[in-house]
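Here is the note I promised on the model you are working with. Please read each point with the sequence and the coordinates open beside it.

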Amino acid sequence: ANKWPYFLQKIEEKRIKEYEIKIMHLCDYIFSLSPKDADYAKSIVSNDKVKYTPVYLKTPLKQWNEKNQSNYIIFCGTLSFRPNFEGIKWFLENVFKTYLQYYPNMHLKITGKVDGEIINKISKYTNVKFTGYLSNEELEDMILNAAFSVVPIMEGGGVKMKLLEAISYGIPTITTEHGYNGVMFDKKMFIEKEPFLVAKNEKEFLQHMIRLTENIVYKKYISQNAKRFFYKEYSSEKNINNWISFI
């Protein structure tokens, strides 16, 4: 419905929401993979009916190379998916152009198959490379050797799997507040404990990028935090046991 006229989108949105609420009231339990979705469900039904647990994911055997001195950052996701395309457009226009003024030798690599129309729209931006379709091994190798990862998502619901994929490898990653809403952590913790960096706006996004580019020790902090967070929340025996108890 994203291509429909706006008023038709709102009608469809209202219809789906009413149907969703009706279904929630019929359920014995609601299992949520996203903390934000859990909060939404609790605003509709009683708290004891809502069960939050992260999806179970394995930790990759290979992990991000802390010693690499790569000249590229990476975005993993096909631009044929509209939220990815809109997010990358915002990033290139509002963040990456300024970043290149400081680091003109850095590149952004965008993975996934893209059509000619999308390439033409992005071609006005410099230092952007499309990898095309990659095998699992090729994609993993590209992630492991990138300087850091960006997930500039501005819309879309649920868990941000591309963000989880990045931190599963321990690669330092920057995302937006919208990305954070699908993979939350306690923002009260010291910055040295953050598993990934969250930018409220283009200025903060740029500041995070500069810091990851300049400060190798800080990059290692974020990488180590990402590994610990991912294992504890998504890949641990505790998470498996939570799912088993629900079943």
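This is a predicted model: local features need pLDDT of at least 70, side-chain atom pairs count only at pLDDT 80 or more; totals for chains, interfaces and linings use all residues.

1. Residues are numbered from 1 along each chain as its sequence is written, and side-chain values use heavy atoms, with hydrogens and water left out.

2. On the nonpolar cores: a nonpolar core is a set of buried Ala, Val, Leu, Ile, Met, Phe, Trp, Tyr and Cys residues joined through side-chain atoms within 4.5 Å, where buried means under 20% relative accessible area, exposed over 50%, and partly exposed in between, with a 1.4 Å probe and protein chains only. The largest such core has 47 residues, and those with the most contacts inside it are Ile 73, Phe 91, Phe 96, Leu 108 and Met 209. Its largest share, nine residues, is supplied by H3; helices (H or I, at least four residues) and strands (E, at least two) are DSSP runs, numbered from the N terminus. A second, separate core of 13 residues includes Leu 134, Leu 139, Ala 166 and Tyr 169. In soluble globular proteins, nonpolar side chains tend to be buried together.

3. On Met 209: when residues up to four places away in sequence are not counted, Met 209 touches Ile 73, Phe 91, Val 95, Phe 96, Tyr 99, Phe 148 and Ile 174, a contact being heavy atoms within 4.5 Å.

4. On helix H5: in this helix, residues 136–144, the buried residues are Leu 139, Glu 140, Met 142, Ile 143 and Leu 144. They pack against S3, S4, strand S5 (128–132) and H6.

5. On helix H6: Leu 163, Leu 164, Ala 166, Ile 167 and Ser 168 are the buried residues of this helix, which spans residues 161–168. Their cover includes strand S6 (149–151), strand S7 (173–176), helix H7 (177–182) and helix H9 (216–235). Just after H6, Gly 170 adopts a positive phi of about 75 degrees.

6. On Ser 168: this residue of helix H6 counts as buried because its relative accessibility is 6%. A polar atom of its side chain lies 2.6 Å from the backbone oxygen of Glu 165, which falls under the heading of a polar contact (a pair of N or O atoms within 3.5 Å; within protein, one must be able to donate a hydrogen and the other to accept it, and residues adjacent in sequence count only if both atoms are side-chain atoms). Not counting residues up to four places away in sequence, Ser 168 touches Thr 59, Pro 60, Gln 63 and Phe 230.

7. On Ser 70: this serine sits in the loop between strand S2 (50–52) and strand S3 (72–75), and it counts as buried because its relative accessibility is 17%. Its side chain reaches the backbone nitrogen of Tyr 72 at 3.1 Å, and a polar atom of that side chain is also 3.1 Å from the backbone oxygen of Asn 145. Leaving aside neighbours within four places in sequence, Ser 70 is in contact with Met 106, Asn 145, Ala 146 and Ala 147.

8. On Asp 115: this residue is in the loop between strand S4 (107–111) and H4, and it is partly exposed, with a relative accessible area of 39%. The side chain of Asp 115 reaches the backbone nitrogen of Ile 118 at 2.9 Å, and one of its polar atoms lies 3.2 Å from the backbone nitrogen of Glu 117. Asp 115 and Leu 79 are 36 residues apart in sequence, and their C-alpha atoms are 8.8 Å apart in space.

9. On the second largest pocket: Asp 115 and Leu 79 are among its lining residues, which also include Lys 3, Arg 82 and Lys 121. A pocket, on a 1 Å grid over the protein atoms alone, is an open set of points where a 1.4 Å probe fits, with protein on both sides within 12 Å along at least five of seven lines, and lining residues have an atom within 4 Å of a point. Helix H3 (82–102) and helix H4 (116–122) each supply at least two residues of this lining.

10. On Ile 21: this residue of helix H1 (residues 6–26) is partly exposed, with a relative accessible area of 25%. Leaving aside neighbours within four places in sequence, Ile 21 is in contact with Tyr 40 and Ile 44.
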